[in-house]
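Trainee: I would like to learn how to read strand pairing and helix packing from a model. Could we go through them one at a time, beginning with the strands?

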Amino acid sequence: MSIEKRLIAIVGGTGAQGIPIVRELARSGSYTLRILTRDATSRRFQELRSCDPDIEAVEGTFASEADLRALFRGAWGAFVNIDGFNSGEMAEMFWTARAYELAAEARVQMLVYGGLDYYLKKGGYDSAFRVGHGDAKGRMADWILAQTTGDNGNRDSDSDSNGMKAAVFTTGPYIDMALSAATIMAPRVEEDEAGGGSTLTWRVPLGLDGAVAHVALADCGYYVKWLFEHPDRAHGLNLEVAIDHITYDEMARAFTSVTGRPARFIDVGFDEYFTDTARFFGDGKNGNHRGVDGPAGYNANAESPATLSFRQNFTGFWNVWRHSHRSNTRDRVVRRDYALLDEIHPRRIRSAEEWFRMEEQRGLELGLGSLWERVQPDRLMPVLKVTEEGGVRSL
C-alpha cells in the first residue's frame, strides 16, 4: 500500500543551501516539493528538476503575500530561507515574519526556518559584533521560537500558530565558500616570491587563534530532513550546525594533506582586506557593483541609517570569528553542541580534511578536475547564488 507523500513548500530552494536540501528531500521519497522561484526556466531550477521532475514551481518572490499564499496553500511543511543579501536586514525581518504568519494561516503543520546566529546578542550586544545579514536571521529565529511557547511558557502546539510546529536550522559560513570565487574567504593561487612555485593562499582578518564554525552544504539536506521527520522533538528547537570550529592554518594544512600542494593562511588587517576585497566587489563607481562601502544587501536602502555597508557588516563578521577561538572554547562568541550533532547525524562531516577529501572525489567523478585544478584563477567557480547572478536581482 502506497503512503501519501507530504507536500513541502520551500523559499530559497535554488540557493546554495536550498539545492542540497531539495535534493535530500526528493531523494527520501517521502515528500512532494513546491518551490518559489523567480524563473522556472533558470539553470538552478532546472538542476532541481533533474533530480525530481515532479517538483512544482511557483513563480514569484518572497516579497509578495499573494506569491507566499500560493506557495503555502495545501502544504504540510515549509522551509523558509530568505536571502538577506537580496533584501537587506530590515526587509528580511518583515518578510520572514510575514511568511511565518501566512504559513500558519494556510494551516502548515511544520515550518523550518533557515537562520543564522544572532551574532550581536551572542557577543553581549557589543556593536563590534554586529553582522546585519546574520542578526536579522538571528532575531527572527528568536521570534519564531517565541511563537512556539504557550502562555505558560511551555512548548505547546495547541496554544500557538493554529497548531503549527516550528524549528530553526541555524547554519553559518559554508566551507564551500573557502574554495569558491567571489566570496569573503575566496582563496587565490599566489606565486612564491622566491620562485618556489604556486601556493594556495587565504588572506583574511581572522587572527592567529580565530576559528570559523564552517558548515558543509553536503550535510544541510540531512539535517533539514531530520527536522521534518521528527516534528515533535524538533518543535521549539534551534538546531545549530557546523563541521567544527576551523582555523585557517588548519584549513591550509588540510588542503595540503589532500592535494599534496602547498597552501597557507596569512592574517591581514581590515584595511588591507577590504582594499583587496574590492577587486571582486568593485569600488561602487560608474555602476561597478555596489562597492565595499555600499549596502551589504543589494536591495537595501543605502540612505537609511539602519543599513550597514559591506565594510561594516563584514568587519563585525570577522570580529565574531576572531573571538570564536579554537583553543579557548569557553570564550567563544559562537558555540556549537557537537555531541548533539553527532547524535542527530552520525555520519556528518567532522573536519576540513574530511570535507576536502570528499570534494576532491566528487570533482573527479563529475569531471571537474582535482581540487588543485579547480582553484586555478580561470577555474574557480562561484557557489553562492548572489555572486553567480552578480547581485542585481530585485526582490
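This is a predicted model: local features need pLDDT of at least 70, side-chain atom pairs count only at pLDDT 80 or more; totals for chains, interfaces and linings use all residues.

Trainee: What is the order of the strands in the open sheet?

Mentor: The open sheet has 3 strands in the order E7-E8-E12, and its pairing is mixed. Strand E7 (188-191) and strand E12 (263-267) each have a single partner strand and stand at the edges, so one side of each is left without a neighbour in the sheet. From one strand to the next, the twist averages 45 degrees.

Trainee: Which helix packs on the sheet, and which strands does it touch?

Mentor: Helix H10 (residues 248-259) packs there, touching E8 and E12, and its direction makes about 165 degrees with that of E12.

Trainee: Turning to a helix pair, at what angle do H1 and H2 pack?

Mentor: Helix H1 (residues 18-28) and helix H2 (residues 43-51) pack at an angle of about 20 degrees, their axes lying 9 Å apart. Angles under 35 degrees count as roughly parallel, and H1 and H2 are therefore roughly parallel to each other. The crossing in which H1 passes H2 is right-handed.

Trainee: Which residues meet in this contact?

Mentor: From H1 come Ile 19, Val 22, Arg 23 and Ala 26, which meet Arg 44, Glu 47, Leu 48 and Cys 51 in H2. By class, the residues of the contact of H1 with H2 divide into 5 nonpolar and 3 charged, with no polar ones.

Conventions. Residues are numbered from 1 along each chain as its sequence is written. Side-chain values use heavy atoms; hydrogens and water are left out. Axes are lines fitted to C-alpha atoms, for helices over the stretch in contact, and angles run from 0 to 180 degrees between N-to-C directions. Helices (H or I, at least four residues) and strands (E, at least two) are DSSP runs, numbered from the N terminus. Angles under 35 degrees count as roughly parallel, over 145 as roughly antiparallel, 65 to 115 as roughly perpendicular and the rest as oblique. A crossing is left-handed if the near helix is turned anticlockwise from the far one by less than a right angle, and right-handed if clockwise. Contact means heavy atoms within 4.5 Å. Ala, Val, Leu, Ile, Met, Phe, Trp, Tyr, Cys and Pro count as nonpolar, Asp, Glu, Lys and Arg as charged, and the others, Gly among them, as polar. Two strands pair if DSSP finds at least two bridges between them.
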